[in-house]
Amino acid sequence: MSFPQRYGPWALVVGAALGLGAEFCRQLAERGLSLVMVALEKDELDTLATDLADRYGIRTHTVTGDITAPEVLESVALLVDDIELGLIVYNAGLSVCGMWLDTPLERHLKTIDINVTAMMTVLHRFVPPMIDRGRGGVILLSSMSGLLGTPMYASYAGTKALTLNLAESLWDEWRPHGVDVVAVVPGPTDTPATAPTSRARSAIPRR
Ligand SMILES: NC(=O)c1ccc[n+]([C@@H]2O[C@H](COP(=O)([O-])OP(=O)(O)OC[C@H]3O[C@@H](n4cnc5c(N)ncnc54)[C@H](OP(=O)(O)O)[C@@H]3O)[C@@H](O)[C@H]2O)c1
């Protein structure tokens, strides 16, 4: 079975415009998957989507906005309801650097919103049709910070530990239904989020 037959014809990539998410989009497009792409900034997202459609002959839909906003999720759902989604890549991530007590509580809670709550919402909403079809895949972005406590990034590390554990559990639950689950555990990777002058909202720990 070819990659598009196993995981296509459409993939949803949340956090698609920059860094690792943009690279996932490139590699999936190269393998022939059409893309629903979600990111915060419209210009970069649309530029990448147009480039990939031209280069690989795939179709693309873009949704701009914060995936934690209910109206953004609904925009994604409207698109996904009309297509056959075979792969979900949840790549969006927020990392807040600082001593835990010195960091406003709302920053910790926003980290949980983006890294955990929205991820679970996306999976709960869009995986059931894959289970019904008996095929599909899910890629979740954990981190080496998820393998151990990480001072100055305590909440981020906690969300990435949850992500890894969730992926392992769901891998077993969904395996009999033909839906693969994998957690990616990147080490420090140069992306816009890690650049010293980054405007990105998702700065990543360097360890
Ligand atoms: N880079 C590393 O060293 C590293 C290490 C371990 C784990 N990771 C994980 O890998 C993932 C990607 O990291 P990265 O370095 O590639 O980050 P990045 O370069 O900042 O890219 C993140 C992408 O997600 C989008 N995004 C962020 N928050 C969003 C939200 N609330 N709603 C919708 N889209 C959102 C951004 O949109 P805009 O483009 O519009 O800003 C961007 O396209 C994250 O989950 C991160 O925790 C990264």
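M152 counts as partly exposed because its relative accessibility is 35%, where partly exposed lies between buried, under 20% relative accessible area, and exposed, over 50% (1.4 Å probe, protein chains only). The model is predicted, with local features needing pLDDT of at least 70 and side-chain atom pairs counting only at pLDDT 80 or more, while totals for chains, interfaces and linings use all residues. Residues are numbered from 1 along each chain as its sequence is written, and side-chain values use heavy atoms, with hydrogens and water left out.

**The loop between β5 and α7**
- M152 is found in the loop between β5 and α7, where helices (H or I, at least four residues) and strands (E, at least two) are DSSP runs numbered from the N terminus.
- Although M152 is not a glycine, it has a positive phi of about 80°.
- Most residues other than glycine have a negative phi, and most peptide bonds are trans.
- M144 also has its place in the loop between β5 (136–141) and α7, and M144 counts as partly exposed because its relative accessibility is 38%.

**A cis peptide bond**
- The peptide bond from G8 to P9 is cis, with omega near 0°, and P9 is found in the loop between α1 (3–7) and β1 (10–14).

**Helices around the second largest pocket**
- At least two lining residues of the second largest pocket come from each of α5 (105–126), α6 (128–133) and α7 (154–174), and a pocket here is an open set of points on a 1 Å grid over the protein atoms alone, where a 1.4 Å probe fits, with protein on both sides within 12 Å along at least five of seven lines, its lining residues having an atom within 4 Å of a point.
- α5 gives the most to this lining, with 4 residues.
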